[in-house]
Amino acid sequence: MTGSDEPRIHPAEAPRARFSVRFNHVYRSEGFGHLAVWFAGGRAGRVTILVGLDDPPTEFAGEVTAEMPSSCSAMIRPGEYWTVSYGRRDNGGFKGLFTPM
């Protein structure tokens with residue numbers, strides 16, 4: 001405790017909020033970020049992280065299969081497009097989280 005009523009981080013300097021990833025959706029990163037994808041249980045399958053300067057991205061950055069435990073992550077650079085590719089419309093038993101740095 002500092003004893004001050006002033007916030008420790010100015011709101012303009014606060015980190016942007018992390019968010020759950022929508023699979024098969026292409027995102028473009030404004031800054032550096034960390035993408036984590038994992039199998040949480042449920043339907044079998046395989047998801048792939050694709051990144052790159054093209055829209056849609058084509059560069060392989062990682063893969064998760066339906067085995068427990070199974071996870072992967074990727075650092076996303078400013079200006080890169082990225083997606084978590086999955087052959088189903090839903091997320092099956094997989095989850096993803098993007099954290100802007």
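Student: In this predicted model, where is the place of S29?

Tutor: The model is a prediction, and its strand β2 covers residues 27-28 while β3 covers 33-39. The place of S29 is in the loop between β2 and β3.

Student: Does S29 count as buried or exposed, and with which residues is S29 in contact, leaving aside its neighbours within four places in sequence?

Tutor: Buried means under 20% relative accessible area, and S29 has a relative accessibility of 5%, so S29 counts as buried. Once its neighbours within four places in sequence are left aside, the residues in contact with S29 are I76, R77, P78, G79, E80, W82 and F98.

Student: In what order do the four strands form the open sheet, and which are the edge strands?

Tutor: The pairing in this open sheet is antiparallel, and the order of its four strands is β1-β8-β3-β6. Two of these strands pair on one side only, and these edge strands are β1 (19-20) and β6 (71-76).

Student: Which residue in β8 does F39 stand opposite?

Tutor: Strand β8, residues 94-100, pairs with β3 in the antiparallel sense over seven bridges. Within β8, the residue opposite F39 is F94.

Definitions and conventions. Residues are numbered from 1 along each chain as its sequence is written. This is a predicted model: local features need pLDDT of at least 70, side-chain atom pairs count only at pLDDT 80 or more; totals for chains, interfaces and linings use all residues. Side-chain values use heavy atoms; hydrogens and water are left out. Helices (H or I, at least four residues) and strands (E, at least two) are DSSP runs, numbered from the N terminus. Buried means under 20% relative accessible area, exposed over 50%, partly exposed in between (1.4 Å probe, protein chains only). Contact means heavy atoms within 4.5 Å. Two strands pair if DSSP finds at least two bridges between them.
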